[in-house]
Amino acid sequence: TGKKRGTKMANNLPIATIEQFTEIIKQQFQEQNYRPIFGLGKGGIGKTESIADLAKELGIGYIDIRLLLYSEVDLKGIPYPDSSNTHTIWLQNSILPIASRDGDKGILVLDEITSPSKSVRTAAYQLLNERKLGEYILPDNWLIVCLGNGEEDGGDFQGMEGNFANRCSVFNVVPNLDAWKSWAYRSGVNYLVTAYVSWRPSDLHTYNPDNEEMLFASPRSWNAVSDILNKHPFDKDDTLTQMRVLANLGTRVGNQFISFCKLKDKAIEPSDIVAGRPVGRINEQEVLFLTIQGVIKLMHDAIDIDRTNNGGLLSIDTCTKCANGIKWMLTLDSVEHQVMALKDFIKSDRMAVTKMILNKDFMAMCPELSEFMQKNRVIFTNN
């Protein structure tokens, strides 16, 4: 059955995080190895978005085709007779990459490939195997990446034949909190969302094939909630915004998130921390996570402003804010929380933060960090 094929296939695959999967695509593209890549995994974990971001980073073309929306004729083209009425010619659809329009190099994503009918998958197989479809020929320097959901991943699974998988390098792509938070910081995800998911990592993706809940939390739905909160800052009396949160996360996770957000008024004001003002201790875990993420946001925003206005050269004001933020992090009651806060700050902008904290002038400004680095080298070597 389809279920057995999907389950068996997923169990036999190497597991990769979104970050690892994207890096593999990058390596293979730079090696000019155009063997198709297939990522099988849960819906809403950010597979498509990560590849789109990669294409922007590489400065290459990018086309995403949601196969569930198309028929075999849409992909292969419309057949019509040639001028002699002796041969069939296929009139191409414009959805596939064209070098003159989309660039000589690029990534073609065949999304939801496990969801359409077998006839559509068969057309896609020809493109994977021969790099052509009807009269269409894929440009030489385009890499095909296929994405889909397995039987138990929360998508519309219609099947996956072994012959298809044999044409690709296949990975089981899984949600990963650290990789997601790195993306979230870069993408401006609301700090209330990163705070909650840091506090409750199991709620990053809550799909369970054994229950009948229609709504579940996922990186995609958390991003939707972030978009809402970035437009409508959380207010405990704003019932409409809270209803919109529930409509994306479901009632269980949604109500827990709303209750969590209501504690934000108990958090220490992050601006006081980065300004170096004396602040009190935090006793509640939820409030601690809210404060940490609020401080990281202010430090990240300051670095981002310098990147825009000063060509990436960090100002004394920004370095002072970051030094004060780090000093506060190192006063947290447990080493676990100190490590978590610093690692999250590094994730917010790995290159800029690492360059800053390893600068001798910054170390003189924040000697506490130098001592901490000596005791916990692994934090910085792994990040």
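**Exercise 1.** What share of the contacts in the protein with a separation of 6 or more comes from residues 24 or more positions apart?

*Solution.* First, the ground rules: this is a predicted model, where local features need pLDDT of at least 70, side-chain atom pairs count only at pLDDT 80 or more, and totals for chains, interfaces and linings use all residues. Residues are numbered from 1 along each chain as its sequence is written, and side-chain values use heavy atoms, with hydrogens and water left out. Next, a contact means heavy atoms within 4.5 Å. With that in hand, the share is 72%.

**Exercise 2.** Work out where strand S9 sits and which strands it pairs with.

*Solution.* Start with the inventory: 20 helices and 10 strands, which are DSSP runs numbered from the N terminus (helices H or I, at least four residues; strands E, at least two). Now look at S9, residues 141–148: 7 of its 8 residues are buried, so the rest of the structure largely encloses this strand. Buried means under 20% relative accessible area, with a 1.4 Å probe and protein chains only.

Then check pairing, which takes at least two DSSP bridges between two strands. S2 (residues 37–41) runs parallel to S9, joined by 4 bridges; here glycine 39 partners leucine 147. S6 (residues 105–111) is also parallel to S9, with 6 bridges, and leucine 108 stands opposite isoleucine 144.

**Exercise 3.** Find how many disulfides the structure has, then look at cysteine 168.

*Solution.* A disulfide needs two cysteine sulfur atoms within 2.5 Å. Searching the whole structure gives 0. For cysteine 168, the nearest cysteine sulfur belongs to cysteine 146, 4.7 Å away. Finally, cysteine 168 counts as buried at 5% relative accessibility.

Note on methods:
Buried < 20%, exposed > 50% of the residue type's maximum accessible area, 1.4 Å probe, protein only.
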